[in-house]
Amino acid sequence: MSLSCINNGTVTWITCNETNQCFGDVLQCLSKQDCFVECSAATSCVSAVINCPVNHQCTIQCADEYSCYEAAINASSSTDLQVTGNGTYALDRATIYCPNDGPYSFNHAQSCSVEATRSQFSFT
């Protein structure tokens, strides 16, 4: 099982699409470009630390049961953060550090937006 990381010069794509993939890993987005992190399998990205880029956008999709469970998402220096959690307990107990220069919202377009079903998470 290997982590897929693609850099096309403008966006870094990090893909964890197998069960338990990226469990407890530190996922580091490259600097000076937007970042897209996909955790699309059951229990992918559990307890992962996701470090978003400085002064760029970060998009994170947690798309299966328990994906991103107890994850830490660090986007305090990013310009924009969009997080989606679909699946039972996706993003549950996650901690999300929103961009410092903007408000966060639940299910709305802001500089920090989170859409999730059946999850408990904290914003800071």
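Which residues form one aromatic cluster? The legends below get to that and more, and they describe a predicted model.

**View 1. An aromatic cluster of tyrosines.** Meet Tyr66, Tyr69 and Tyr89, which form one aromatic cluster. Across the structure, there are three aromatic pairs.

**View 2. A tilted pair, tryptophan 13 with phenylalanine 36.** Here the ring centres of tryptophan 13 and phenylalanine 36 sit 4.4 Å apart, with the ring planes at 45°, so this pair counts as tilted. The two partners come from distant parts of the chain, 23 residues apart: tryptophan 13 belongs to strand S2 (residues 11-16) and phenylalanine 36 to strand S4 (residues 34-39). How much of each is covered up? Tryptophan 13 is partly exposed, because its relative accessible area is 35%, and that value falls between the 20% and 50% cut-offs. Phenylalanine 36 is buried, because its relative accessible area is 14%, which is under 20%.

**View 3. Strands S2 and S4, side by side.** S2 and S4 run parallel, and six bridges join them. For a landmark, find cysteine 16, which stands opposite cysteine 39 in S4.

**View 4. On to strand S6.** How many bridges join S4 to strand S6? Count five of them, between strands that again run parallel, with S6 covering residues 57-62. One spot to look for is cysteine 35, whose bridge partner in S6 is cysteine 58.

**View 5. Leucine 81, tucked away.** Is leucine 81 buried or exposed? With a relative accessible area of 0%, leucine 81 is buried, because anything under 20% counts that way. You can find leucine 81 in strand S8, which spans residues 80-85. Now hop over to cysteine 112: in sequence, leucine 81 and cysteine 112 are 31 residues apart, yet in space their C-alpha atoms are 4.7 Å apart.

**View 6. Stepping back to the whole protein.** What is the protein built from? Of its 124 residues, 43% count as buried. The protein exposes about 6,000 Å², and carbon and sulfur atoms supply 47% of that area. As for contacts, take those between residues at least 6 apart in sequence: 36% of them join residues at least 24 apart.

Methods: Residues are numbered from 1 along each chain as its sequence is written. This is a predicted model: local features need pLDDT of at least 70, side-chain atom pairs count only at pLDDT 80 or more; totals for chains, interfaces and linings use all residues. Side-chain values use heavy atoms; hydrogens and water are left out. Rings of Phe, Tyr and Trp (its six-membered ring) pair if their centres lie within 6.5 Å; planes under 30 degrees apart count as stacked, over 60 as edge-to-face and the rest as tilted. Helices (H or I, at least four residues) and strands (E, at least two) are DSSP runs, numbered from the N terminus. Buried means under 20% relative accessible area, exposed over 50%, partly exposed in between (1.4 Å probe, protein chains only). Contact means heavy atoms within 4.5 Å. Accessible areas come from the Shrake-Rupley method with a 1.4 Å probe; for residues, only the protein chains shown count as cover. Two strands pair if DSSP finds at least two bridges between them.
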